[in-house]
Amino acid sequence: MENTEFNRVLRRIATVLSVVIITLSLVAASTGILLSFYYEPAAGRAYQSLKVIAEQVSYGWLFRKAHNIAGNAVIAIALVQIVVLFLSRQFRKSWLTAWISAIFFTLIAIGLSWTAMILSWDQEGFWRFSIELGTIEAIPFIGSQLREILTGGGAISTLTIQRLYTIHSYILSIAAIIISVVHLLSVLWQAKQTQSSGANSEVINSQPQSIINQGAGASLAES
């Protein structure tokens, strides 16, 4: 009984977390669209455009802060969601969509954070990205090709920012919204199915007791 109640609580937490995930994704996407009106994906101008957003655009600092907080928070919430699904032991085939969507969303959220590393074009982001490129280049067989795809060939330049900006703003962002919707729907569907099966089991369990009561009443009537 305690285990069943524990699983029920975890399923409710998973539902709440899935709602939080899609909410944070929408916040990050909407603020990202607003920032894109002023952001310039070019070496030298990227940093200045972000400075203009923070200092001169009305509420620009708020949109940028909300974008950063939502982007970082959604990674933590997605990791917590995976832990909750694991603790609730939802390993059944019917939960496969929820599991896969949660894992893929976490990877996409991490990818969004990674691709945003160089977009600010500051010293910290530049050197971090340079180190990351060295790690990527060390991958056997495909490392050099991946580096050229990301950088546009050669050193880190405007072409690098434009490519990562495209991956960040269009490919990964759209994928994150789609996967978050799929995850939310799958969790809600499973919660509905669990409630239906629980209600049916209660009806089935109550039938033998009602039959016994009816039999006892009939015996008393006959006596």
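Thr 106 lies in helix α4. The model is predicted; local features require pLDDT of at least 70 and side-chain atom pairs pLDDT 80 or more, while totals for chains, interfaces and linings use all residues. Residues are numbered from 1 along each chain as its sequence is written, and side-chain values use heavy atoms, with hydrogens and water left out.

Thr 106 has a relative accessibility of 4% and therefore counts as buried. Buried here means under 20% relative accessible area, exposed means over 50%, and partly exposed lies in between (1.4 Å probe, protein chains only). The side chain of Thr 106 reaches the backbone oxygen of Ala 102 at 2.8 Å. Beyond its neighbours within four places in sequence, Thr 106 is in contact with Ala 78, Leu 79 and Ile 82. Contact means heavy atoms within 4.5 Å.

Helix α3 (residues 60–87) and helix α4 (residues 96–115) pack at an angle of about 155°, and their axes are 9 Å apart. Axes are lines fitted to C-alpha atoms, for helices over the stretch in contact, and angles run from 0 to 180 degrees between N-to-C directions. α3 and α4 are therefore roughly antiparallel to each other. That term applies to angles over 145 degrees; under 35 counts as roughly parallel, 65 to 115 as roughly perpendicular, and the rest as oblique. The crossing of α3 past α4 is left-handed, a term used if the near helix is turned anticlockwise from the far one by less than a right angle.

On the α3 side, the contact is made by Asn 72, Val 74, Ile 75, Ala 78, Leu 79, Ile 82, Leu 85 and Phe 86. On the α4 side, the residues are Ala 98, Trp 99, Ala 102, Ile 103, Phe 105, Thr 106, Ala 109, Ile 110 and Ser 113. By class, 14 residues are nonpolar, 3 are polar and none is charged. Ala, Val, Leu, Ile, Met, Phe, Trp, Tyr, Cys and Pro count as nonpolar, Asp, Glu, Lys and Arg as charged, and the others, Gly among them, as polar.

Another threonine, Thr 31, is placed in helix α1 (residues 2–36). Thr 31 counts as buried because its relative accessibility is 7%. A polar atom of the Thr 31 side chain lies 3.1 Å from the backbone oxygen of Ala 28. The Thr 31 side chain also makes a polar contact with the side chain of His 67 (3.1 Å). A polar contact is a pair of N or O atoms within 3.5 Å; within protein, one must be able to donate a hydrogen and the other to accept it, and residues adjacent in sequence count only if both atoms are side-chain atoms. Neighbours within four places aside, Thr 31 is in contact with Phe 63, Ala 66 and His 67.

Two loop residues have positive phi. Tyr 59, not a glycine, has a phi of about 60°. Tyr 59 is found in the loop between α2 (45–55) and α3. Its relative accessible area is 56%, so Tyr 59 is exposed. Phe 141, also not a glycine, has a positive phi of about 70°. The loop between α5 and α6 (143–151) holds Phe 141. At 82% relative accessibility, Phe 141 counts as exposed.

Overall, the chain has 7 helices and 0 strands. Helices (H or I, at least four residues) and strands (E, at least two) are DSSP runs, numbered from the N terminus. Of the 223 residues, 32% count as buried.
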